[in-house]
Amino acid sequence: MDEMERYEAPKMIFPGQRDLAGAYRVAWGLLHDDAPAEALEILEPALEAEPDNVGLRSLRAWAFFRRAQLDKAIADLRFLVEADPTDVWARHTLGRAYERKSAYTDALPHLRIAAVMSGDAAHERAVARVLHLQDQLAQRVN
């Protein structure tokens with residue numbers, strides 16, 4: 001493969017872009033490239049046009065989570081979990097957002113459900129980690 005075949009054109013963002021599929025694709029690429037602020041600039045107008053779009057909401061939750069805007073991430077993740085209680089990613093990420101806020105009691109049910117649904121060892125470790133953090137906090141309080 002020569003250099004031209006490996007070259008990836010930069011993402012182009014056009015003012016007033018209304019194509020939801022294009023907004024999703026560009027925002028996903030930006031998040032993949034660790035640019036959550038830029039992804040939010042694309043997602044906000046797209047979600048104004050279609051506020052119940054689960055795919056766009058998932059990306060916005062991911063962007064908020066990456067920027068540590070945890071209350072906003074939690075709001076979107078709760079919407080996603082209510083829309084589809086079997087969404088393992090939304091469940092796990094909601095638990096992680098609560099964990100990052102040190103809201104361990106709120107985190108555990110979501111992390112446990114994600115671990116059971118997925119059988120993923122990383123999800124099981126998240127449950128164990130939060131249980132340990134919760135125990136440490138309880139010991140400091142007592």
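User: What do the buried residues of α2 pack against?
Analyst: They pack against α3 and α4. This is a predicted model. The buried residues of α2 are Gly-22, Ala-23, Val-26, Ala-27, Gly-29, Leu-30 and Leu-31.

User: How do you know that the span of α2 agrees with what its residues should give?
Analyst: Helix α2 has 13 residues, which at 1.5 Å a residue should span 18 Å. Its end C-alpha atoms are 18 Å apart, so the two agree.

User: What comes just after α2?
Analyst: Asp-34, with a positive phi of about 65°. Asp-34 sits in the loop between α2 and α3.

User: What makes the phi of Asp-34 worth a remark, given that Asp-34 is not a glycine?
Analyst: Most residues other than glycine have a negative phi. Asp-34 is not a glycine, yet its phi is positive.

User: Why is Asp-34 called exposed?
Analyst: Its relative accessible area is 52%. Exposed means over 50%, so Asp-34 qualifies as exposed.

User: Which other loop has a residue with a positive phi?
Analyst: The loop between α4 and α5, where Ala-68 is found. Ala-68 has a phi of about 60° and is not a glycine either.

User: Why is Ala-68 called partly exposed?
Analyst: Its relative accessibility is 44%.

User: What about Gln-69?
Analyst: Gln-69 is also in the loop between α4 and α5. At 23% relative accessibility, Gln-69 counts as partly exposed. Buried would need a value under 20%.

User: What does Gln-69 touch, leaving out residues up to four places away in sequence?
Analyst: Leu-40 and Phe-64. The C-alpha atoms of Gln-69 and Ala-97 are 9.2 Å apart, although 28 residues separate the two along the chain.

User: Why is Phe-65 called buried?
Analyst: Phe-65 has 13% relative accessibility. The cut-off for buried is under 20%, so Phe-65 counts as buried. Its place is in helix α4.

User: Which residues is Phe-65 in contact with, beyond its neighbours within four places?
Analyst: Leu-70, Ala-73, Thr-93, Arg-96, Ala-97 and Arg-100. Phe-65 and Pro-36 are 29 residues apart in sequence, with C-alpha atoms 9.0 Å apart.

User: How do you know that α3 reaches close to its expected length?
Analyst: Helix α3 runs over residues 36-49, which is 14 residues. From its first C-alpha to its last it reaches 20 Å, close to the expected 20 Å.

User: Where in α3 does the kink lie?
Analyst: At Leu-43, shortly before Pro-45. The kink is about 25°.

User: Which residues of α3 are buried, and what covers them?
Analyst: Pro-36, Ala-39, Leu-40, Ile-42, Leu-43, Ala-46 and Leu-47 are buried. What covers them includes α2 and α4.

User: How are α3 and α4 placed against each other?
Analyst: Two packed helices are described by the angle and the distance between their axes. The axes of α3 and α4 come within 9 Å and cross at roughly 145°. The crossing is left-handed. On the α3 side, the residues that meet α4 include Pro-36, Leu-40 and Glu-44. On the α4 side they include Leu-56, Arg-60 and Phe-64.

User: How many helices and strands does the protein chain have?
Analyst: It has 8 helices and 0 strands. Buried residues make up 37% of its 142 residues. Among contacts with a separation of 6 or more, 42% join residues 24 or more positions apart.

User: What is the mean pLDDT of the protein chain, and where does pLDDT stay under 50?
Analyst: The mean is 89, and 87% of the residues reach 70 or more. Residues 1-14 stay under 50. Where pLDDT is low, predicted coordinates should not be read in detail. For residues 1-14 the model has 9 contacts beyond four places in sequence.

Notes:
Residues are numbered from 1 along each chain as its sequence is written. This is a predicted model: local features need pLDDT of at least 70, side-chain atom pairs count only at pLDDT 80 or more; totals for chains, interfaces and linings use all residues. Side-chain values use heavy atoms; hydrogens and water are left out. pLDDT is the predictor's confidence in each residue, from 0 to 100. Contact means heavy atoms within 4.5 Å. Helices (H or I, at least four residues) and strands (E, at least two) are DSSP runs, numbered from the N terminus. The expected span of a helix is 1.5 Å times one less than its number of residues. The bend at a residue is the angle between axes fitted to the seven residues ending there and the seven starting there. Buried means under 20% relative accessible area, exposed over 50%, partly exposed in between (1.4 Å probe, protein chains only). Axes are lines fitted to C-alpha atoms, for helices over the stretch in contact, and angles run from 0 to 180 degrees between N-to-C directions. A crossing is left-handed if the near helix is turned anticlockwise from the far one by less than a right angle, and right-handed if clockwise.
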